[in-house]
Amino acid sequence: MDRSCSCNMKGLLVGIGNPLLDISAIVDEELLRKYDLKPDNAIMAEPKHMPLYKELMENYNAEFIAGGSVQNSLRVAQWILKQPNVCTYFGCVGHDEYAQILKERAEADGVRVHYQVTDEAPTGTCAVLVTGTHRSLCANLAAAQRFTPDHLATEACRESIQSARFIYASGFFVAVSPESIMQLAEHAHTKNLTFIMNLSAPFVSQFYKEPLEKMIPYVDVLFGNETEAEAFAKAFNLSGGSPKEIAQSIAAMPKLNGAKRRVVVITQGSDPVVLVEGDSVTLVPVTKLAKEQIVDTNGAGDAFTGGFLSQMVLGKSYEACVKCGIYAACHIIQHSGCTFDGQSAYEC
């Protein structure tokens, strides 16, 4: 049964991820080559990348934008739902001004945040290098990677987890605290909640297959784009070469709760979104924008997920969830970073 946007949905969705302050700038391809970065890719920063952040601030017209994949998605979900505190976010930040910026931005958009705060590292940052309609992400997790499972046992987090009906974790966070994800996954399974994950980036499947393999049986809904799906299929030796075939193979992987069919959602840029619900496959067409309308594709995936999650909370069909995801992504890519103007015009 569909819930109205006006009913009380406080605390229904909990997300866990890496809170990062994006340092975004339009650059040339020479800068990508200098730091061995590729368009439309996302990596963790290595020592050779550390000068990049300062270079963006000093030599380019860099913007500071509240980021982090899950936090972005929850902000978009709140924007669609127009009711504060539906979404609650966990992540680790430093004891600094960047953390305050992130908190203020998230709360202004309606997201409740329960940050773990560490004095051992500064708040994480993500370099966003925009070249035309492409973007390359290089994340320096810093404080974000100091998240520890005991934070989930704090009173605020425990109460949020108990009231949640949907739990969302990013693939990026598999590299930080797989133990925390497993705690939430097991709780979701025990309480018959919906557990949702995102493949996030190819490196997650390439380098974190072992913890990811333990999580997949708990996953009720899985997001990814075509590149991430291909990397996952290669890591897990799945059959099929097309995004549709890979999505079907992922849906058929072992699942603890057999009563719920696994849903797999693969985005393909401007090509149709692949939606697999158990044995059913739907290709949902994407609204195509003119090239001059596209400002920044950086937030497209996060926005799509946020739009999708907003309709899941309302109990809508998965196809309706995809359509809202497309709406959100189309709006976001017409702005710089994962930002939006005014109220959402989407009718829940």
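What follows is a chat about the fold and side-chain contacts of a predicted model.

Reader: What am I looking at, in terms of helices and strands?

Author: This is a predicted model. The protein has 12 helices and 14 strands. Its radius of gyration is 19 Å, close to the 20 Å that the globule rule gives for 348 residues, so the protein is as compact as a globular protein of that length.

Reader: What box do the C-alpha atoms fill?

Author: Roughly 55 × 45 × 40 Å, taken along the principal axes.

Reader: And how much of the protein is buried?

Author: Buried residues account for 58% of the 348 residues.

Reader: What share of the contacts join residues at least 24 apart?

Author: The share is 74%, counted among contacts between residues at least 6 apart in sequence.

Reader: Changing topic. How many salt bridges are there?

Author: The structure holds 11. One of them joins the side chains of K54 and E58, at 3.9 Å from N to O.

Reader: Where do K54 and E58 lie?

Author: Both are in helix α2, which covers residues 50–59. They are 4 residues apart, about one turn of the helix.

Reader: Is that pair buried or exposed?

Author: K54 has a relative accessible area of 51%, and E58 has 55%. The cut-off for exposed is over 50%, so both residues count as exposed.

Reader: Why would two such side chains pair at all?

Author: Side chains of opposite charge can pair when their charged atoms come close.

Reader: Buried or exposed, for R261 and E277?

Author: One of each: R261 is exposed, with a relative accessible area of 52%, whereas E277 is buried at 16%.

Reader: On to the rings. How many aromatic pairs are there?

Author: The count comes to 13 aromatic pairs. Among them, Y89 and Y115 sit edge-to-face, 6.2 Å centre to centre, with 85 degrees between the planes.

Reader: Where is each of those two in the chain?

Author: Y89 is in strand β5, residues 87–94, and Y115 is in strand β6, residues 112–118. They are 26 residues apart, and the pair links distant parts of the chain.

Reader: Buried or exposed, those tyrosines?

Author: Both have relative accessible areas under the 20% cut-off, so both are buried. The value is 0% for Y89 and 14% for Y115.

Reader: Which rings form a cluster?

Author: Ring pairs link Y168, F223, F304, F308 and Y318 into one.

Reader: Last one. Which ring does the charged end of K209 sit over?

Author: The ring of F236, at 5.3 Å from its centre.

Notes
Residues are numbered from 1 along each chain as its sequence is written. This is a predicted model: local features need pLDDT of at least 70, side-chain atom pairs count only at pLDDT 80 or more; totals for chains, interfaces and linings use all residues. Side-chain values use heavy atoms; hydrogens and water are left out. A salt bridge is a side-chain nitrogen of Lys or Arg within 4 Å of a carboxyl oxygen of Asp or Glu. Buried means under 20% relative accessible area, exposed over 50%, partly exposed in between (1.4 Å probe, protein chains only). Rings of Phe, Tyr and Trp (its six-membered ring) pair if their centres lie within 6.5 Å; planes under 30 degrees apart count as stacked, over 60 as edge-to-face and the rest as tilted. A charge sits over a ring if NZ of Lys or CZ of Arg is within 6 Å of the ring centre and within 35 degrees of the ring normal. The radius of gyration is taken over C-alpha atoms; the globule rule is 2.2 Å times the number of residues to the power 0.38. Contact means heavy atoms within 4.5 Å.
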